[in-house]
Amino acid sequence: MSKYKEFKGLNMPSIEEGVLDIWKKDKVFEQSVRNRDGREPFVFYEGPPSANGMPGIHHVISRTLKDLVCRYKTMQGYQVRRKAGWDTHGLPVELGVEKELGITKEDIGKKITVEEYNRKCREAVMRYKQQWEDITEKMGYWVDMSDPYITFDNKYIETLWWALKTLYNKDLLYKSVSIQPYSPAAGTGLSSHELNQPGTYKDVKDTTVVAMFRVRAASESEGVNAKQEEIFAAARGAWAPFVQSPIGGGMLAIEQAAQVHFMAWTTTPWTLPSNCGLTVGPNIDYVLVQTFNPYTHKPANVILARALLGKYFKPEAQESDFALYTAESKLLPWKVIGEYKGSELEGLRYEQLLSFDGNTREIAGGDPWRVITGDFVTTEDGTGIVHTAPAFGADDYRVGKKHNIGILTMVDKEGKFNDYTGEFSGRYVKDYKNDPGYKDVDVDIAVKLKLEGKAFKVEKYEHTYPHCWRTDKPVIYYPLDAWFIRTTAVKDRMIELNKTINWKPKATGEGRFGNWLENMVDWNLSRSRFWGTPLPVWVSDDGLEIKCIGSIAELTDEIKKADKALGLNQYADMKAGEFGLPDSVDLHKPYVDKIVLVSDSGKSMTREPDLIDVWFDSGAMPYAQLHYPFEAHHERTLKHNFPADFIAEGVDQTRGWFYTLHALGVMLFDNVAYKTVVSNGLVLDKNGNKMSKRLGNVVDPFSTIEQYSADASRWYLITNASPWDSLRFDIEGIKEVQRKYFGTLYNTYQFFALYANVDGFTFKERYIPIDQRPEIDRWILSVLNTLVKDVTNYMNDYEPTQAGRAMEYFLDEQLSNWYVRLCRRRFWKGEYEHDKICAYQTLYECLETLSRLMAPIAPFFADWLFQNLECVAKRHECTSVHLADYPLADADAVDKDLEERMQMAQDISSLVLSLRKKVNIRVRQPLQKILVPVLDKHMQDQVQQIEELVKNEVNVKSIEYITDDEGFIKKKLKPNFKSLGARMGARMKAVAAAINGMNGQEIAMLEKEKNIALSVDGEQVNIGIEDVEIIAEDIPGWSVANKDNLTVALDITVTPELQDEGNARELVNRIQKIRKEAGLELTDRIAVEIEEYEPLKSAIIHFNDYICAEILADNIKLIPNMNGGTEVEINEAIIKVLISKNS
RNA sequence: AGUCUCGUAGCUCAGUUGGUUAGAGCGCUACACUGAUAAUGUAGAGGUCUCCAGUUCAAAUCUGGACGGGACUACCA
């Protein structure tokens, strides 16, 4: 006969190794998918990880989430294919390679060919593939890694090209110049979603300058307006009294003193050489202020917004004596000598602040160095006058273009000043190279301005500034040519369709994602890089004709066409060379760049050098993984794989993958790409800090799993907090899960196996109908079926946390702590017949059902448990829990009355135990009775049915029910605030007091008549029986305990008979201990000799049969003055006991 | 800077539509049990529900404000 496996101790990691072996050997995953052939598909997309970095613990949480949903749906009968994928393009790969080779972007094409570089990238892409596969397997994530989609694969790229061409044909792909976030360190523009990576914005301290732009005098500029004259006149007038006075330590010329400056603040002084204009708000009030330059101490007149005067000038120095000002003065005298609207200043010309060979008027084009107006100007900070460098700000570019002030770009793409910037030529504007000797060029510019009297204030200023998500270096805004996808054209549709997506949590979809859609801008696709999907766009040399290629076949045709028209031999050359058209193509750089096509009008065309954003790669994954539309039956295949029923990734993908999937789904197929999306939160360390390599607080998933098992980790990650809440990861939590949940489950199984093996229970008997089982069995099965229903609902709602917690409660509180504990005796006492078989069947069913319920979350342990049970009982046809069906709740097994009264049994027991504790009478000492006041017939019925359980549990002989008829109970009324409150309103307090003050007679009246009139504040108030809760609060003369409306009193009189019985039990207890210490088998029979001792004698005589039965003794001999034996203590008496095994 | 979100026991978290004694687990303390035994049970201590104001008969719960954490948006000179 086969037996249930018994174990020495719980070792989860070793259990998992064993289960993993079976999964591999039997190809359980493959089976679980193949078994569902022909069943309704449940479509899941795997967001491709990049195997370029090591997996971390945060990957484990999102993959657990994905895995458990897929396993759950599989067990529910869906076919869930899970195709793995690898994200292989992009900057991280490039940077990794550059680091490895010790080169920078500039070296590509010089020290190393593009071809070689890309070959290195291709090799580097899968650097950690082994570790990824390893963690995938060890954490129990079932995903098909045998045939993954790989984004650098030609077929994959071909689909991307198809998608791009489709967009092109819909006029959703276009080229434009724009000011974009650009990372000089990475040498590339950044898309908005890249800029929206968490951690991109950092606090930095920059040197800021309030620069002074000198207004040009009438003689210096044409088209002087009246306002300008007025300004100068005011300045002259203000300084006139000081002419030839010794202010500033010298003779003062009026024209010198009357110079006027615009004040403009910048946090990026390096953009000042590229300044082309000053922008004012047309409706903002500006003032002309007479003062001194704080650095040169020479007379100065400045213009700034009135609202910001307080930032630069102290009220106490207003109109103080200018004549007393010296270089040592603490306060700067100032006086408002003119006032103008922004619109009045428009058109004024000023002297270029810093002029070099490279920023002349000719180079700028347009008409630079004028005051212009812009709506975006505020008076929140700065001076209310905005230094405008069109090349380095989107607002600046727009307003500059509008007013034709030209553009100057004095910084090159590497982030350094160009060669025509005087002493600053060649200097990096930020430390992009990690140069230890780097000197902040902003500081030097500030110093120069100070010396030249062109700075009013220089200070450090802390603000947040965007950084490149990969290099961690500051981004700058830079004019770039780029290809865009016109996502704004489908904005409304994207918003509309988003409303049909089931977001978990909801707020992310409506809030974060919804807002993002509302504020969407066109998708900047272009990347100036080397390793990525090339943009399949060819442009004629004059830029007038464009061709977008949508497939390899089309490209081949076009090449042949070009060969013919232009007399080239590309096709043949390529076929012979690496490119190998049309079979084994490499669509990457540099090969595609060599291809020359011909335009319709016969001009030669070359490819746009850009690569595309890697997010396009992953966003097109639903189609590209199928090589759509280039395979047979592609429409049908797509129909079965699009859209996804479910995807899940970290919340950081909201503007990444979730967005690009959605955008492409809408633009290509006018459909959502996924119906449900779960975005899980961040994993923080136990102190709530973000995990980062820098802080050294990252948790290594490998060692965690090795040490504490995958299941305990998974269970912890899922049940500790909802997936979308951020999780404070604490290894102690995993230990707790292991001990509490899995330890309990293991013990329960061990308990079952131990006795089932003794009795030979293999579930060979007929399944005993539930109504023929004892109360407690029916109870646990009722609870079990309620659990099945709850868990199923939670799982359907993508609430695995609730599902897991429900299972924890069932296992700990109900199954282990109540059912098993109360039923222990049934398993080891008595014959193998009806009651015992009921117990085995019931416990078996609980364990087996639980194993299936928990299988999605804890796949290893569940399978281990399932197989341990099933290999003997064989109630299912399958060999693994993952091939089984998910349990279905049996509504007929649920009995709410039964669940309610069992709760009462637990409450009553708990109350009695606390009473015993109070008077210090141990449970082994039997007591005569407890009193339970019953408020109605139903309550009495309920308690009566669980009477036996309670009596056993608390060791009392009887339960007495008391009703009010006996006048025993002191009742109390608790007002029902909910029902009364609505009616009574402001009188509620008085009414409550009146109810609390009702005497026994009045309560009896209320119970009888169902309502009573009370006088409250002189008013009659009618109280119905439903307005109060009646509680039996006290039984005079007894010690009582209560919880809610349950009250229990305990009779603590220990009669001599009870004392004897208690002693007998003590004796049994001691002898059992001796048996155990002597190493006897459970079934060994013994003979017992006990020293005669008067106080215990009657107990032994009266309870002889009971004692013998309990300890398996044939008889007990009382020996006066016994020699030998073991001394035991019973109620403070010490006697000797000797047992011997009967053969 | 704005928006969202969170703030409950030493720790991790529950807390229904507002309803009068705010709960659990872990940890801690004490005890019990000893045929689940490296298991189990019971009890106890531990709270200004971040703070202030308001609405209400009644606020952990609703409103406003402050403070603190987190995320997001914007980058603004």
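The crossing of α3 and α28 is left-handed (the near helix is turned anticlockwise from the far one by less than a right angle; clockwise would be right-handed). The model is predicted: local features need pLDDT of at least 70, side-chain atom pairs count only at pLDDT 80 or more, and totals for chains, interfaces and linings use all residues. Residues are numbered from 1 along each chain as its sequence is written, chains are lettered from A and ligands numbered from 1 in the order in which they are written, and side-chain values use heavy atoms, with hydrogens and water left out.

Helices (H or I, at least four residues) and strands (E, at least two) are DSSP runs, numbered from the N terminus. The axes of α3 (residues 57-75) and α28 (residues 775-796) come within 11 Å and cross at roughly 120°. Axes are lines fitted to C-alpha atoms, for helices over the stretch in contact, and angles run from 0 to 180 degrees between N-to-C directions. The two helices are therefore oblique to each other. Angles under 35 degrees count as roughly parallel, over 145 as roughly antiparallel, 65 to 115 as roughly perpendicular and the rest as oblique. Leu-68, Tyr-72 and Lys-73 of α3 meet Thr-792, Met-795 and Asn-796 of α28 (contact means heavy atoms within 4.5 Å). By class, this contact has three nonpolar, two polar and one charged residues. Ala, Val, Leu, Ile, Met, Phe, Trp, Tyr, Cys and Pro count as nonpolar, Asp, Glu, Lys and Arg as charged, and the others, Gly among them, as polar.

The crossing is right-handed. Arg-493, Met-494, Leu-497 and Asn-498 of α16 make the contact with Tyr-659, His-662, Ala-663 and Val-666 of α24. Five nonpolar, two polar and one charged residues form this contact.

An open sheet of four strands runs in the order β4-β3-β14-β16, with antiparallel pairing (two strands pair if DSSP finds at least two bridges between them). Its edge strands, β4 (188-189) and β16 (523-524), each pair on one side only. Strands β3 (residues 173-183) and β14 (residues 476-485) are joined by 10 bridges in the antiparallel sense. Tyr-182 has Ile-476 of β14 as its bridge partner.

Thr-151 lies in the loop between β2 (144-150) and α7 (154-169). At 0% relative accessibility, Thr-151 counts as buried (under 20% relative accessible area; exposed is over 50%, partly exposed in between; 1.4 Å probe, protein chains only). Not counting residues up to four places away in sequence, Thr-151 touches Trp-86, Asp-87, Thr-88, His-89, Tyr-156, Ile-157 and Asp-617.
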